[in-house]
Amino acid sequence: MSTGSDTDVMVDIRDVHKSFGPLHVLKGVDLTVRTGEVTVVLGPSGSGKSTLLRTVNHLEKVDRGLISVDGDLIGYRRSGDRLRELPEREVLRQRTRIGFVFQDFHLFPHLTVLENITEAPVSALKRPRREAVDTARRLLERVGLADRAGAFPRQLSGGQQQRVAIARALALEPRLLLFDEPTSALDPELVGEVLDVIGDLARQGTTMIVVTHETGFAREVADTVVFMDDGRIVEQGPPGDVLDRPRHERTRAFLSRVL
């Protein structure tokens, strides 16, 4: 849990705008996430939640604004009064410190579970393979899949695949974890097993931004709940305030449909 001082900011998002052609998706987003905090982002489809998440590790380039993670300006460097985009190798280096868990797993189908988890530490971080394997086995135990190291993704349930994806993200020892609708591709009976793993990470002090529609999870795990609509943050605060005592009509209308 964060202490709330000004020195422990993990994510600093300032006046971020993003358009796709004529569609203005993000319209001046400001957001701060402190070290050890869990921020859950709610909102209707098309509100800009996933796009915002993808700008945090430069999967989407911002049109205007700045994003810093643990003090590092993401995707750019300052050159006098101007910003210059980083070379791709530098962006990839930054991404190794920002774990991203996608809604549709993105596992390599031709690799085993163990190989999926060890691939990035060995290739991107140049870790010794034996060390990467030892770490992967510890992480599989952590997510409850120690017995599936030799399985291929097609042999796993959706919930198991998502837990492997979480272990893969953790293998890079990221400073920040981003989750983009991590349960939306799962059958209802599998949602709980993935949320339990994310909840355990939260209790261990992992800094996370989670885009989800699971309001019960937000109430239980989040330090801050953010409600987005039409490319803007409409409301944010502790779960009890946003979910139980929303101030804005758009928040109230959304929650009346999902609670």
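Does Gly158 count as buried or exposed, and at what relative accessibility? At 19% relative accessibility, Gly158 counts as buried (buried means under 20% relative accessible area, exposed over 50%, partly exposed in between, with a 1.4 Å probe and protein chains only).

This is a predicted model: local features need pLDDT of at least 70, side-chain atom pairs count only at pLDDT 80 or more, and totals for chains, interfaces and linings use all residues. Residues are numbered from 1 along each chain as its sequence is written, and side-chain values use heavy atoms, without hydrogens and water.

Gly158 lies in helix H5 (helices are DSSP runs of H or I, at least four residues; strands are runs of E, at least two; both are numbered from the N terminus). Leaving aside neighbours within four places in sequence, Gly158 is in contact with Phe105, Leu186 and Leu190 (contact means heavy atoms within 4.5 Å). Gly158 and Leu190 are 32 residues apart in sequence, yet 7.3 Å apart in space, C-alpha to C-alpha.

Now look at the helix pair. Two packed helices are described by the angle between their axes and the distance between the axes. H5 (residues 158-170) and H6 (residues 188-203) pack at about 20°, with axes 8 Å apart. That makes H5 roughly parallel to H6 (angles under 35 degrees count as roughly parallel). On the H5 side, the meeting residues include Gly158, Arg163 and Ile166. On the H6 side, they include Leu190, Val194 and Ile198.

Follow H6 itself. Its buried residues include Leu190, Val194 and Ile198. Their cover includes H5, strand S3 (38-42) and helix H4 (129-142). Just after H6, Gly205 takes a positive phi of about 85°.

Note on methods. Axes are lines fitted to C-alpha atoms, for helices over the stretch in contact, and angles run from 0 to 180 degrees between N-to-C directions. Angles under 35 degrees count as roughly parallel, over 145 as roughly antiparallel, 65 to 115 as roughly perpendicular and the rest as oblique.
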